[in-house]
Amino acid sequence: MATADQGLSIQTDSLTGLHWLGVALAAISGIIHLVLGVNFISDPLGWAFLIAAIGFFAGAGAVLVDYKRRLMYLLGIPFTVGQVVAWYVLNAPDFSPPGYADKAVQIVLIVVLIVLYRREA
């Protein structure tokens with residue numbers, strides 16, 4: 001765990017392949033939301049995309065620096081579920097291939113977060 005002496009340095013010693021998968025999935029979804037946010041910046045939805053991107057990047061960063069990982073998993077589950085639900089509500093029935101790809105990433109991320117949360121109980 002990151003301490004005051006260590007600052008916020010990356011703590012990879014305790015990361016498993018599942019952790020790295022979760023970080024990668026969060027980063028992928030964060031990048032997608034960042035691009036959407038920049039492309040739609042003049043629309044209020046663009047700002048929502050940017051906030052979502054920050055959430056994904058912050059969660060991944062917290063895991064990398066070993067900041068309350070179990071809490072990050074627990075917060076990440078409803079955050080990501082909310083992204084899936086909002087996407088469905090806002091886009092039904094006109095879904096796009098990039099939307100499907102992002103939601104596939106997010107659904108796998110939800111599963112990873114649940115497994116990590118249960119393993120570190």
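## First stop: helix 3

Select helix 3 and colour its buried residues, which are Arg69, Met72, Tyr73, Gly76, Ile77, Thr80, Gln83, Val84 and Trp87. Buried here means under 20% relative accessible area, exposed means over 50%, and partly exposed lies in between, with a 1.4 Å probe and protein chains only. Helices are DSSP runs (H or I, at least four residues) numbered from the N terminus. The model is a predicted one, in which local features need pLDDT of at least 70 and side-chain atom pairs count only at pLDDT 80 or more, while totals for chains, interfaces and linings use all residues. Residues are numbered from 1 along each chain as its sequence is written, and side-chain values use heavy atoms, with hydrogens and water left out.

Helix 3 covers residues 69-91, 23 residues in total. From first C-alpha to last, helix 3 reaches 32 Å, close to the expected 33 Å; the expected span is 1.5 Å times one less than the number of residues.

## Second stop: Gln83

Which residues does Gln83 touch, leaving aside its neighbours within four places in sequence? Select Gln83 in helix 3, a buried residue with a relative accessible area of 16%. Gln83 is in contact (heavy atoms within 4.5 Å) with His33, Ala52, Phe56, Lys103 and Gln106.

The structure holds six aromatic pairs. Rings of Phe, Tyr and Trp (its six-membered ring) pair if their centres lie within 6.5 Å; planes under 30 degrees apart count as stacked, over 60 as edge-to-face and the rest as tilted. Select Trp87 and Tyr100: their ring centres are 5.8 Å apart and their planes stand at 70°, so this pair is edge-to-face. Because Trp87 lies in helix 3 and Tyr100 in helix 4, the pair ties together parts that are 13 residues apart in sequence. Trp87 is buried at 15% relative accessible area, whereas Tyr100 is partly exposed at 48%.

Phe95 is partly exposed, its relative accessible area being 23%. With Tyr88 also shown, the cluster that ring pairs build from Trp87, Tyr88, Phe95 and Tyr100 is in view.

Next, select Val63 and Leu109, the residues with the most contacts inside the largest nonpolar core, which has 20 residues. Such a core is a set of buried Ala, Val, Leu, Ile, Met, Phe, Trp, Tyr and Cys residues joined through side-chain atoms within 4.5 Å. Helices 1, 2, 3 and 4 each supply at least two residues of this core, and its largest share, six residues, comes from helix 4. Not counting residues up to four places away in sequence, Val63 touches Leu15, His19, Val23, Arg69, Met72 and Tyr73.

## Last stop: charged side chains

How many salt bridges are there? The count is two, a salt bridge being a side-chain nitrogen of Lys or Arg within 4 Å of a carboxyl oxygen of Asp or Glu. Select Arg69 and Asp66, whose side chains form one of them at 3.3 Å, N to O; both residues are buried. Then select Lys103 and Asp102, a salt bridge with its closest N and O atoms 3.0 Å apart. Lys103 is buried at 5% relative accessible area, and Asp102 is buried at 3%.
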